[in-house]
Amino acid sequence: MTDPQSTPGAVAAVAGAARLLSRRAGSEVELFEPEDLGGSGRSVVARARMAKNPFSDRRSVVVKHYAPPEDGTDLASDPFRYEVASCQLFTALPSDVRPSPVIIAHDPEQRLLVLEDLGRSLTLADKLFAPDAQAARTCLLGWARGLGRMQAATAGREGDFGALLRRLGEKVRRDPVADQARAALAGLPELLVEILGVEVPEMALFEAQGGVRLLGGTGFRAFSPSDTCPDNNLVTSRGVRFVDFEWGCFRDVVLDAAYVRVPFPGCSSSFALPDAVADAMLDAWRAEVAPVWPELDDPELLESRLADAQVLWVWWSTWQLLPRVPERDGPIGPDAGRSPRMSTALRHYWRGLGVTAEATARPGTAALAEAVVTALDTRFPDASSTLPLFPAFRGGEW
């Protein structure tokens, strides 16, 4: 009888992993009960139990199998190589600061990784959509501490990451969002005029350049998964662990910390966070990074950099979402139960940015934010103007 959780992709991935581990051990390694854990269009992720394992006492492993690149695909930035290099970088860290599963083996020919199994853990998203507000708050603070700890542990290791990539045949190292963000800053003014009839003030354009500067060689660079959405973080007995490093890179640390302010730009589950929870998350993050970057313990400097990052993410998110809104102002992601309506999310992003702009003396950004919110209210009067909180916070104390 076939296991209902097994799929042909999971079976193939686990069979490849068994061959890889057997070659490495010089003796047969048996894996069984392949369980499909999902993945993406680029990869299959599966769990398998270990029946015969002469070199380790592990009881199970997680296997990630990347599909072959399509004909004509530019492999100048191969997500498989970035995933391997990221996991290798983390595996070399002390266990008390390691933010991810240990890499056990990889095979470039099969495009396969074998990773430590962190167990049947819920994701941060699962906690945010459950009814327990205190549990959700605890997990969010764990995410913030884990993010800061990962950044502190990888400060100064950009050269190591580059060396790992070069060993895998990867020559390009860059933030995958950087080109998109620059395109957003160049192209959004025309989109706002075309779709909402909003002109961008010259002062707002000038103020947005602060976000561009964060994309360069600042003095606050550390590793970023590039995608720290709630469903890419596992809540384990050892705290929150990050997974999925296909777009791992080094960049300014406040770009990820500002996820708390937007919140979670680019993520389908981009609901609102209570202000008190968001503030506590930033405090938890800052406590981890301040020993490495004492300048970030200066509230004025940190707030200025966070505001620049917030501007960048709001412009980028709007550039991503606004072209989709006129055709179908539906949920950001495929699951309407776990994703807010696009126009409602955009209103929240710009309204929050307006508050930040007023507080940090960015008059052009404040004026633009007010104009965008008004235009969205006019254009989509049937949509809620207020972004709901994550479900965990809708009915309880936090």
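**Note on a pocket and the cysteines**

1. The lining of the second largest pocket comprises 10 nonpolar, 6 polar and 4 charged residues, where Ala, Val, Leu, Ile, Met, Phe, Trp, Tyr, Cys and Pro count as nonpolar, Asp, Glu, Lys and Arg as charged, and the others, Gly among them, as polar. The model is predicted, so that local features need pLDDT of at least 70 and side-chain atom pairs pLDDT 80 or more, while totals for chains, interfaces and linings use all residues. Residues are numbered from 1 along each chain as its sequence is written, and side-chain values use heavy atoms, leaving out hydrogens and water.

2. Among helices (DSSP runs of H or I, at least four residues, numbered from the N terminus), α11 (342–359) is one of those that supply at least two residues of this pocket's lining, and α11 gives the most, with 6 residues.

3. Cys-229 and Cys-267 form a disulfide with their sulfur atoms 2.0 Å apart, a disulfide being a pair of cysteine sulfur atoms within 2.5 Å. The pair links distant parts of the chain, 38 residues apart, with Cys-229 in the loop between β7 and β8 and Cys-267 in the loop between α8 and α9. Because the torsion about their S-S bond is about -90°, the disulfide is left-handed.

4. Both Cys-229 and Cys-267 are buried, meaning under 20% relative accessible area with a 1.4 Å probe and protein chains only. Cys-249 is in no disulfide, the nearest cysteine sulfur, that of Cys-229, being 14 Å away. The sulfur of Cys-139 lies 16 Å from the closest cysteine sulfur, in Cys-267, which is too far for a bond.

Methods: Buried < 20%, exposed > 50% of the residue type's maximum accessible area, 1.4 Å probe, protein only.
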